[in-house]
Amino acid sequence: MKFFIDTADVAQIKKYAHLVDGVTTNPSLIAKSGRSFKEVVKEICEIVDGPISAEVVSLDASGMVKEARELAKIHKNIVIKIPLTDEGIKATKMLSKEGIKTNVTLCFSANQALIAAKADATYVSPFIGRLDDIDNNGMNLIAEIKDIYANYGYKTEIIVASIRSPAQVKQSALIGADIATIPPEVLGQMIKHPLTDIGLQKFLADWEKVPKK
Ligand code: G3P
């Protein structure tokens with residue numbers, strides 16, 4: 001399973017670079033960084049050598065494709081994040097033909113994910129946390145997409161997005177999702193265990209009792 005980090009905060013990306021295989025951003029995360037879009041994306045590409053998702057903001061396919069071509073020039077690892085709308089799917093098909101990688105985002109249903117795969121999207125991003133927020137089951141959606149893609153051998157990779165907890169990462173791994181894009185604070189929680197800290201303290205205390213020559 002691959003881990004992406006879901007942030008445009010360069011300090012956090014540097015902190016967790018050793019744990020991650022890629023980075024996802026979105027317009028909200030870019031705005032939170034307080035920096036210019038291209039500048040921050042360029043810097044992220046220098047930190048992590050893996051897929052870096054940068055999102056278009058046009059609503060029509062031709063505008064999306066135009067933006068995508070410009071973004072793709074920034075770095076070979078750039079993946080174009082495109083909303084799962086009718087126009088977004090048209091743009092995805094065009095970009096796939098040009099060999100530009102895409103991450104179809106704002107996916108909330110299995111049928112939407114099926115349409116993204118049929119458009120040859122490189123990645124699809126189902127937002128599980130936002131589904132849980134409205135009392136839907138985000139993790140069921142991941143399982144459904146996984147089954148559907150397996151039925152037809154679609155190559156589109158599933159990025160579990162809108163993750164809020166370490167338990168959701170574990171569930172994604174049990175289902176066999178290709179990728180989890182994880183906020184930095186959740187990555188930090190995943191690596192910690194109180195019994196690891198207690199065990200280490202005990203080992204170090206006992207080590208002091210070992211005769212030193
Ligand atoms: O990057 C997209 C997604 O992960 C957003 O998450 O927490 O805003 O629903 P969230």
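**Entry 1: aromatic rings**

I began with the rings in this predicted model, and I noted that Tyr-149, Tyr-152 and Tyr-154 together form one aromatic cluster. Within it I looked up Tyr-149 and Tyr-154, which make an edge-to-face aromatic pair with 5.8 Å from centre to centre and 75° between the planes. Are these two tyrosines buried or exposed? I found that Tyr-149 counts as buried because its relative accessibility is 5%, a value under the 20% that marks the limit for buried residues. Tyr-154, with a relative accessible area of 26%, is partly exposed.

I then searched the whole structure for aromatic pairs and found four. One of them joins Phe-4 and Tyr-123, again edge-to-face, with the centres 6.1 Å apart and the planes at 75°. Since Phe-4 belongs to strand S1 and Tyr-123 to strand S6 (residues 123-126), this pair ties together parts of the chain that are 119 residues apart in sequence. I also checked the cover of the two residues, and both Phe-4 and Tyr-123 are buried.

**Entry 2: the ligand**

Which residues are found around the ligand? I listed Asp-6, Asn-26, Lys-81, Phe-127, Arg-130, Ala-161, Ser-162 and Arg-164. I then went through polar side-chain atoms and the distances to oxygen atoms of the ligand. For Asn-26, an N or O atom of the side chain is 3.2 Å from a ligand oxygen, and for Lys-81 a polar side-chain atom also lies 3.2 Å from an oxygen atom of the ligand. For Arg-130, I noted a distance of 2.6 Å between an N or O atom of the side chain and a ligand oxygen. Taken alone, the ligand exposes 310 Å², and the protein buries 82% of that area.

Ser-162, one of the residues around the ligand, needed a second look, as its phi is near 60°, a positive value in a residue that is not glycine. I located Ser-162 in the loop between strand S7 (157-160) and helix H9. Its relative accessible area is 11%, so Ser-162 is buried.

**Entry 3: another positive phi**

I looked at Asp-120 as well, which has a positive phi of about 65° although it is not a glycine. Asp-120 sits in the loop between helix H6 (110-118) and strand S6. Is Asp-120 buried or exposed? At 54% relative accessibility it counts as exposed, because the limit for that word is over 50%.

I placed Ala-54 in strand S3 (residues 52-55), and I found it buried, with a relative accessible area of 0%. Apart from neighbours within four places in sequence, Ala-54 is in contact with Thr-25, Phe-37, Val-41, Leu-71, Val-79, Ile-80 and Lys-81; of these, Lys-81 is also on my list of residues around the ligand. I noted too that Ala-54 and Pro-27 are 27 residues apart along the chain, while their C-alpha atoms are separated by 8.5 Å.

Arg-69 lies in helix H4 (residues 61-72) and is partly exposed, at a relative accessible area of 40%. Leaving aside neighbours within four places in sequence, I found Arg-69 in contact with Glu-98 and Ile-100. From Arg-69 to Asp-197 I read 48 Å, C-alpha to C-alpha, for two residues that are 128 apart in sequence.

**Entry 4: helix H10 and the cysteines**

Which residues of helix H10 (residues 184-191) are buried? I found Pro-184, Val-186, Leu-187 and Gly-188. The cover over these buried residues includes strand S1 (2-6), helix H1 (10-16), helix H9 (166-175) and strand S8 (179-182).

How many disulfides are there in the whole structure? My search found zero.

**Entry 5: the whole chain**

Last, I turned to the protein chain as a whole, which has eleven helices and eight strands. Its C-alpha atoms fill a box of roughly 75 × 40 × 30 Å along the principal axes, and buried residues make up 44% of its 213 residues. Among contacts between residues at least 6 apart in sequence, 56% join residues at least 24 apart. The accessible surface comes to about 11,400 Å², and 56% of it belongs to carbon and sulfur atoms.

Conventions
Residues numbered from 1 in each chain as written. Predicted model: local features only at pLDDT ≥ 70, side-chain atom pairs only at ≥ 80, totals over all residues. Heavy atoms only, no water. Buried < 20%, exposed > 50% of the residue type's maximum accessible area, 1.4 Å probe, protein only. Helix = DSSP H or I, 4+ residues; strand = E, 2+ residues; numbered from the N terminus. Contact = heavy atoms within 4.5 Å. Phe/Tyr/Trp six-rings, centres within 6.5 Å; stacked < 30°, edge-to-face > 60°. Near = heavy atom within 4 Å. Polar contact = N/O pair within 3.5 Å; in protein donor to acceptor, adjacent residues only side chain to side chain. Areas by Shrake-Rupley, 256 points an atom, 1.4 Å probe, with all protein chains shown as cover. Disulfide = S-S within 2.5 Å.
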